[in-house]
Amino acid sequence: MSQTIQGNQVKIRAAKLFINGEYVDAISGETFDTIDPATNLKLTTVANANEQDVNYAIDVAHRTFESGVWSKMAVEERAKILCRMSDLILERVDELAMVETLDVGKPIKESRGFDIPRAAWNMRFFAEMAKYMVHEHYDMNKYMSYSKYAPAGVTSLIIPWNLPFMQMTWKASAALASGNTVIVKPASYTPLSAVMLGEIANEAGLPPGVLNILTGPGGTVGTAMTTHPHVRRISFVGETTTGKTVMKNAASQLIPVSLELGGKSANIVFEDADLDEAVKGSIEAIFRNQGEICLAGSRLLVQESVYDKFLEKFVAAVKQIKVGNPLDEETDMGALVSRGHLNTVDEYVQIGQSEGAKLAYGGKKITTLGDGNFYEPTVFYDVDNKMRVAQEEIFGPVIVIIPFKTEEEAIQIANDSIYGLAGVVWTNDLRRAHRVADQVKSGLLWINCWYVRDLRTPFGGAKDSGIGREGGRHSFEFYTEAKTVTMKL
């Protein structure tokens with residue numbers, strides 16, 4: 001599956017399924033094409049798995065788990081292998097970043113500078129943390145109780161298309177460090193980097209059958225991965241409607257689930273904030289990765305006393321964003337993942353205008369960059385929070401700016417959403433920062449920054465943004481089965 005790099009060109013090989021330590025064709029022999037979003041040209045063919053492939057992979061993973069080759073391996077030995085995988089990811093950072101950019105459409109400076117290095121850190125962090133997890137011990141008169149955290153078993157991981165390699169390692173590293181065997185399904189739009197992890201696993205010495213990677217449609221592969229009786233954990237990242245389906249599927253087998261779903265996060269700018277800092281952070285929070293980030297600060301709430309000044313600074317900064325070839329090191333915003341998604345984003349822009357939102361900048365497809373899925377960074381202002389563009393997740397480079405008068409109104413607007421994934425507060429008033437952070441209903445909230453992640457902290461959303469938390473000990477709690485042992489002394 002290794003790719004060949006010559007300058008800025010990568011020879012992309014056909015992607016196969018990775019099962020039991022081997023790359024294999026789908027049982028049916030069927031394939032599908034994966035497309036470069038910047039050109040809408042075919043990158044390569046990808047094996048198209050079906051239910052038979054899933055059943056085979058889960059059987060392999062189940063037998064491998066029961067054998068104890070990984071689940072009963074000393075945690076220190078598991079950690080060595082995962083740390084070796086981390087090292088190999090860094091050794092291949094240029095190749096992985098290039099493949100990620102070609103498959104997703106995101107700027108190469110993000111893939112190389114953040115996504116792939118962060119993926120390597122995911123592997124190392126959970127490998128190291130697994131060695132130091134604390135197990136409880138309690139004494140009571142003539143009895144002693146202690147806890148054990150055993151690996152849960154076969155784990156299904158379903159990964160989105162916006163940050164495929166980073167998201168996969170974020171989930172898989174914790175599941176593997178816990179001693180589980182894993183089945184990964186990357187999104188059909190962006191399967192290429194995920195499949196490459198199999199090669200890295202083999203080189204690092206991960207036993208065959210511990211990590212398995214299946215490519216194919218969610219309706220077939222995803223359904224089978226979330227209903228099979230041998231699956232004991234499911235972690236899903238994606239949009240809310242699909243997440244509800246995953247939860248229903250899992251309920252049929254009483255499989256515990258972790259769901260990270262959609263978002264429409266409020267980015268709140270108060271009058272006492274450093275406006276230049278707030279503008280820079282707010283630009284990053286919506287236009288990074290073309291706005292295709294669940295954590296995006298897509299609702300920008302600005303206090304009326306600084307509204308006009310902030311809007312002027314913000315639009316001026318947006319005009320400096322360079323949209324272009326994702327392989328160009330100077331590009332700030334690349335291509336949206338597919339032609340269909342490009343059209344969806346454009347439809348939302350038309351809806352916003354019909355609802356009465358004012359367009360300050362952007363609002364059009366870019367046709368001067370060839371046949372790719374490029375869209376202008378788009379700014380709506382004087383938006384009413386009841387509008388669809390303020391309530392529904394667009395998942396693209398579209399920001400809606402909403403004025404507010406008071407702190408109480410800002411909190412009310414922020415919470416007037418079905419989502420509760422994240423939020424941002426910009427202020428130099430320490431008391432206000434903590435008051436607002438306490439009252440905004442979200443799983444994460446940043447103060448005077450955005451997208452800063454300490455992997456020890458819990459990650460997840462409230463309301464329609466998900467169920468459960470991962471990160472640090474929360475990941476290990478999810479991917480293990482806790483058992484209490486009590487002994488009479």
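**Start at Ala390**

Select Ala390 and show its contacts: beyond its neighbours within four places in sequence, it touches Lys264, Arg299, Val383, Asp384, Asn385, Val400 and Ile402. Bear in mind that this is a predicted model. Ala390 sits in helix 12, residues 388-391. Is Ala390 buried or exposed? With a relative accessible area of 0%, Ala390 counts as buried, because the cut-off for buried is under 20%. Ala357 and Ala390 are 33 residues apart along the chain, and their C-alpha atoms lie 9.8 Å from each other.

Seven of them form an open sheet in the order 16-17-18-15-14-20-21, and the pairing is mixed. Go to the edges: strand 16 (358-361) and strand 21 (446-447) each have a single partner strand, so one side of each has no neighbour in the sheet. Stay with strand 21. Strand 20, residues 423-426, pairs with strand 21 in the parallel sense, over two bridges. Pick Val424: its bridge partner in strand 21 is Trp446.

**The helices on the sheet**

Select helix 10, residues 304-318. Helix 10 packs on the sheet and touches strand 14 (266-269), strand 15 (299-303), strand 16, strand 17 (378-381) and strand 18 (398-404). The direction of helix 10 makes about 135° with that of strand 15.

Last stop: helix 11, residues 339-355. Helix 11 lies across strand 16, strand 17 and strand 18, and runs at about 25° to strand 17.

Terms used: Residues numbered from 1 in each chain as written. Predicted model: local features only at pLDDT ≥ 70, side-chain atom pairs only at ≥ 80, totals over all residues. Heavy atoms only, no water. Pairing = 2+ DSSP bridges. Helix = DSSP H or I, 4+ residues; strand = E, 2+ residues; numbered from the N terminus. Contact = heavy atoms within 4.5 Å. Axes fitted to C-alpha atoms, helices over the stretch in contact; angles between N-to-C directions. Buried < 20%, exposed > 50% of the residue type's maximum accessible area, 1.4 Å probe, protein only.
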